[in-house]
Amino acid sequence: MISRQILIITPLFFAFGSAIISSFYTVGKNWQNFVLGLIGVLVLFYLGLFFTPSIAGTFSTPSFLEFSMDKFTVFIGAIFFVSLFTGLYPIRNKISLSPSFLYFIAGGLGIILSNNLSTFFVFWTFQRGIPFVRFIKDIRHGRTTGGGTYVVQHFLTAICFLIILYLAWQSGFLFTPFAEIPASFFTWPVLLFAFIVIYESHGIFPFHSWIHDLVGKLPWYEISSIFLARAGILLFVKFLLPTFNQDPDAFKLLLLTLSIFSSIYWSYRGILEQDVSKTTTYFYVAQSSLLLTGLQADLTAAHGAYLHMMVISLSGTALWSLLSYVQHSFSLKRSNQFYGLAQYYPKLATLFCLFGFCMIGVPLGASFVVEDLVITGLLEKQPYLGLGHIFATCLNGILFFLIFTKLFLGQSAYKQQVKNMDMPVKEILPYVGVLLILFLIGIFPHLFLEKINW
């Protein structure tokens, strides 16, 4: 019988071990196949735990590291790796994974498994490197890092996180598990610093420059790998949610308002954007901006928000994967209004449409149930902001139809004979499997909601 301690640290051991080896040895495509194999093993690992009736434990080191394996951790771990595998496997022959990709996986795993503030901070730095170190290193090498916005966003976020750690250390809660920190610790200073960290780490804050830089520099798979591991959502759930009933109403209202405003802002930016890759990114971020709204209403809305994490991660990754496949065949940088790619990719166009429907709340799709739970909870607690959430959701739907229309409809802009360039059937199977899960959520939501009882 494998001990729970070994069970908890095994994924971290393999992820960090592989990341460290990749820093010294390069084995080309074989290494990429190993990474995909590692993700596949972790998919089976977390799915197996998710359907295990009882699995929970905590592994503490003699110092400050403490890892937990509870139902929420298993839930996030499962959707984190299922989304990555679904997106990467079908296009594995068209991409080239960077060595740092394993550090994104390792850092994300650490954040998911972390059970106190000190451990959370350590792994938070792996997602983008310690801001202090990166900033000084870039200055020394004469590189720009976004100027003042980089300092304000990343440098200030790290400072706020360190201040929270200091306040927790003063109060004796630095190594205390998140769920055991008493409500008395969450004074207004702690809440305000946590607010900054949540929105900066989640990357949904309006005018957040790293999103604008991200769409032109990072491959889609790195967007996917940092989506749930970007500490904002997980920090809110693990750090603030256990005492949320005792938090000031003004703080809840601030989080809720800015979440909805962020979604509206990114949808508006996407509607005005001409570059289809950027537009898809803005759609992705606009959807993720609404995650926090359900976690701030009531238990019903919170259940919807948990499912929303699953839907956005799976659907969003699939959309980016499909777009990445198409981009390897056609240039999507032209200024024409339509690309007309449905005649080249009829199957992929159908999949793209169905995954988009699952995100925007079309009946029988996953988000139809999710949005109903969240909006119902919001309308009971904050009617006007509930209407704001509905407006944001409608804008997201408009944005998706603009993306689909530009990519797949209209007359083709390419002077070549039309031919079917769809993926082989075996590459499409992971998409189909995930799509079935998303429709199961929409048709039989109780199968998933009954698992969310933590």
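These legends go with a set of close-up views of a predicted model.

**View 1. The whole protein, before zooming in.**
What is this predicted chain built from? The protein has 20 helices and two strands. It runs to 454 residues, and buried residues make up 57% of them. Its accessible surface comes to about 18900 Å², with 67% of that belonging to carbon and sulfur atoms. Now take the contacts between residues at least 6 apart in sequence: 81% of these join residues at least 24 apart.

**View 2. The salt bridge between Glu427 and Arg92.**
The partners are Glu427 and Arg92, and their closest N and O atoms are 2.7 Å apart. Glu427 belongs to helix 19, while Arg92 sits in the loop between helix 3 (71-88) and helix 4 (101-113), so the pair ties together parts that are 335 residues apart in sequence. Why can two such side chains pair up at all? Side chains of opposite charge can do so when their charged atoms come close. Are the two partners buried or exposed? Glu427 counts as buried because its relative accessibility is 6%, under the 20% cut-off. Arg92, at 15% relative accessibility, counts as buried too.

Helix 19 covers residues 425-443, which makes 19 residues. At 1.5 Å a residue it should span 27 Å, and its end C-alpha atoms are 26 Å apart, so the two values agree. Which of its residues are buried? They are Glu427, Ile428, Pro430, Tyr431, Val434, Leu435, Leu438, Ile441 and Gly442. Now look across to Thr86, which lies in helix 3. Thr86 is buried, with a relative accessible area of 4%. Setting aside its neighbours within four places in sequence, Thr86 is in contact with Pro430, Tyr431 and Val434, and also with Ser321.

**View 3. Helix 17 and its buried residues.**
The buried residues of helix 17 are Ala366, Ser367, Val369, Val370, Glu371, Leu373, Val374, Ile375, Gly377 and Leu378.

**View 4. Phe357 and its contacts.**
Find Phe357 in helix 16, residues 346-360. With 24% relative accessibility, Phe357 counts as partly exposed. Which residues does Phe357 touch, leaving aside its neighbours within four places in sequence? The contacts are Val362, Phe400 and Phe401. Phe368 is in this view as well: Phe357 and Phe368 are 11 residues apart in sequence, and their C-alpha atoms are 9.1 Å apart in space.

**View 5. Inside the largest nonpolar core.**
The largest nonpolar core has 131 residues, and Phe239 and Phe355 touch the most other members. Helix 15 (residues 299-327) gives the largest share of this core, 14 residues. Apart from it lies another core, of five residues, including Trp266, Tyr282, Val285 and Ala286. Beyond its neighbours within four places in sequence, Phe239 is in contact with Leu117, Ile164, Phe178, Ile181, Phe185, Phe186, Val190, Ala194 and Leu234.

Two elements give two or more residues to it, helix 12 (249-272) and helix 18 (383-408). Which one gives the largest share? That is helix 12, with three residues. Ile271 lies in helix 12, and Ile271 is partly exposed, with a relative accessible area of 30%.

**View 6. Ser23 and Ser100.**
The last stop is Ser23, in the loop between helix 1 (4-22) and helix 2 (29-50). Ser23 is partly exposed, with a relative accessible area of 46%. How far apart are Ser23 and Ser100 in sequence and in space? They are 77 residues apart in sequence and 8.3 Å apart in space, C-alpha to C-alpha.

Methods:
Residues numbered from 1 in each chain as written. Predicted model: local features only at pLDDT ≥ 70, side-chain atom pairs only at ≥ 80, totals over all residues. Heavy atoms only, no water. Helix = DSSP H or I, 4+ residues; strand = E, 2+ residues; numbered from the N terminus. Buried < 20%, exposed > 50% of the residue type's maximum accessible area, 1.4 Å probe, protein only. Expected span 1.5 Å × (residues − 1). Contact = heavy atoms within 4.5 Å. Areas by Shrake-Rupley, 256 points an atom, 1.4 Å probe, with all protein chains shown as cover. Salt bridge = Lys/Arg side-chain N within 4 Å of Asp/Glu carboxyl O. Core = buried A, V, L, I, M, F, W, Y, C linked by side-chain atoms within 4.5 Å.
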